[in-house]
Amino acid sequence: MIYRSKTPLRLGLAGGGTDVSPYSDEFGGAILNATISLYAYASIEPIQENGIIIEAIDRREEQRFEWMPQLPIDGQLDLAKGVYNRIQKDYGLPLTGFKLSTFVDVPAGSGLGTSSTLVVAILGAFVEMLKLPLGDYDIAHYAYDIERNDLKLAGGKQDQYAATFGGVNFMEFYASDKVIVNPLRIKQEYLNELEHNLVLYYTQTSRESADIIKEQQKNVHAKNEKSIEAMHQLKEQSKMMKEALLKGRLHEIGEILDFGFQEKRKMAHNISNSFIEDIYLSARQAGATGGKISGAGGGGFMTFYCPNNTRYKVIDVLNNFGGIVKPYQFTQHGLTTWTVQ
């Protein structure tokens, strides 16, 4: 038997950063995101030897262990080991050897929620193997708990829920880790146009999101008015984006994205830099009406809204910066698991 899973990465369209504690605990956060046809994959395959093999195929990393109930968290393949350790602690695993393999369609630190999406994929493979009775909310919160509490990784809450649920969602975040996922019923013609007009661009740079997120958290703790007000505005941005998409007012999308771009830079240092600013300005001059930095900021992917047929001119300009325009489609499905006989 081989137990497999795949989970979609996400585009954060509005409200980014308001899902991070302590802001979400104190003020409540709101984010609008959509999953896309780029994925994280996980497979668990039983092996004859009484050991554990963990490999990240895309990163060319592998570790081998004798079978043990808890694997060492040492900076290598920690996401996979963290999920294994928690599943072992809570449910127990058979005393048999297995190989856990993972693959992600984009590099780590790219701003599309890769780490959390991968955790959900790994968790999904274990859920499939053990036939655990966990629903979507259970799996998403479980993944969040493993990352934030077991592995002590800084970050928000949206990625685990986007990966698990899939589709276009308006998410609300409250104290005590309460999350409400509201699936949006957007007309297909609006989604088709949004997909046509949104250009996804990888800057060929990655960043350590934890440092940016920690500064953002510090600013809230310190009652930094400029940073907190920016987060308030981004929360409003998510509501503006929701209304524009539901009502088909796509001509407003670029302006709403640009509004968020201006506000996001006020949340913490290093969210933007001169390279990102040059790319953004050039895309705007080529016809994009707005855009955003994906994830925490500092590098990775950027998204631009290019109405009418301006996407082609914008892509020509973006190609001058040495990055890659990444094709994608919106997806309606989140975590998917299956067993191969």
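Predicted model: local features only at pLDDT ≥ 70, side-chain atom pairs only at ≥ 80, totals over all residues.
## Helix H4

Helix H4 spans residues 136–150, which is 15 residues. Its first and last C-alpha atoms are 20 Å apart, close to the 21 Å expected at 1.5 Å a residue. After H4 comes Lys 152, with a positive phi near 60°.

The buried residues in H4 are Ile 139, Ala 140, Tyr 142, Ala 143, Tyr 144, Asp 145, Ile 146, Glu 147 and Arg 148. Their cover includes helix H2 (78–90), helix H3 (114–130) and helix H5 (158–165).

## H8 against H9

Helix H8 (residues 225–246) and helix H9 (residues 253–264) have axes that come within 9 Å and cross at roughly 170°. Angles over 145 degrees count as roughly antiparallel, so H8 and H9 are roughly antiparallel to each other. Their crossing is left-handed.

On the H8 side, the contact is made by Ala 230, Gln 233, Leu 234, Gln 237, Met 240, Met 241, Ala 244 and Leu 245. H9 contributes Ile 253, Ile 256, Leu 257, Phe 259, Gly 260, Glu 263 and Lys 264. By class, the contact of H8 with H9 has 10 nonpolar, three polar and two charged residues.

## H9 against H10

H9 also packs with helix H10 (residues 274–285), at an angle of about 160° and with the axes 13 Å apart. That angle makes H9 roughly antiparallel to H10. The crossing of H9 and H10 is left-handed.

Here Asp 258, Phe 261 and Gln 262 of H9 meet Ile 276, Glu 277, Tyr 280 and Arg 284 of H10. The contact of H9 with H10 comprises three nonpolar, one polar and three charged residues.

Technical notes
Residues numbered from 1 in each chain as written. Heavy atoms only, no water. Helix = DSSP H or I, 4+ residues; strand = E, 2+ residues; numbered from the N terminus. Expected span 1.5 Å × (residues − 1). Buried < 20%, exposed > 50% of the residue type's maximum accessible area, 1.4 Å probe, protein only. Contact = heavy atoms within 4.5 Å. Axes fitted to C-alpha atoms, helices over the stretch in contact; angles between N-to-C directions. Parallel < 35°, antiparallel > 145°, perpendicular 65-115°, else oblique. Left-handed = near helix turned anticlockwise from the far one by under 90°. Nonpolar A, V, L, I, M, F, W, Y, C, P; charged D, E, K, R; others polar.
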